[in-house]
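Hello,

I am handing over the structure below, and after it I describe what was found. Please read the notes with the structure open beside them.

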Amino acid sequence: IALAVAVAVWVFGLAGSASKTATLQVQAVSLTGVSSGNAQLVLLVSNPSSSGIGINGFTLGSLSCVFPTPVQIPAGTQGEQITISLQITGGNFTAASINGQTATCSGKQAAQVGIQYSGYITTVNGQTYPFTVTASS
C-alpha cells in the first residue's frame, strides 16, 4: 500500500510539473511585401503558462536568424503581435530585423509570392514552435 501511495504521489507530481511547463501558441498572420524587397512577417504569440518565455530566433524555410536580444513574452499573454522585417536580396530572404535590431542570419530562402513557407520560432531554452504562412505582395 505504501508503495502504491508513493507511486501515486510521484505520478501526480509529474503531472503537476508538466502542467507548469512553459509553452507558446504561435500563429502566422501574414507575410507581405514580398514583391517590394522588404517583407513583413507577422506572428501572433500567446503564452498561457505561468512563466515568461524569451524568443531568441526563428527559421523561415532555409533562412535561420537569431535576435540580438530575446523578445520577452510575459506569462498570460494572449495574441501578442510580433513583426519581423525581412530583407530580400537577389530574390531571396537574406536578413531580418525585429524592433529595430538586426538579427544574425545564416542561409537564404527564395522569396516568391503565393508560396507557402514553413518555419518555426525558437525560445531561449531551445524549444521550437512551428508555423506556416503564405507569401503575398
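Asn-99 is exposed, because its relative accessible area is 63%, and exposed here means over 50%, whereas buried means under 20% and partly exposed is in between (1.4 Å probe, protein chains only). Asn-99 sits in the loop between strand 6 (92-98) and strand 7 (101-102), where strands are DSSP runs of E with at least two residues, numbered from the N terminus. Phi of Asn-99 is near 50 degrees, a positive value in a residue other than glycine. Most residues other than glycine have a negative phi.

This is a predicted model, in which local features need pLDDT of at least 70 and side-chain atom pairs count only at pLDDT 80 or more, while totals for chains, interfaces and linings use all residues. Residues are numbered from 1 along each chain as its sequence is written, and side-chain values use heavy atoms, with hydrogens and water left out.

Leaving aside neighbours within four places in sequence, Ile-84 is in contact (heavy atoms within 4.5 Å) with residues including Phe-58, Phe-67 and Ile-98.

Thr-123, which lies in strand 10 (residues 116-123), counts as buried because its relative accessibility is 1%.

Best wishes

Methods
Helix = DSSP H or I, 4+ residues; strand = E, 2+ residues; numbered from the N terminus.
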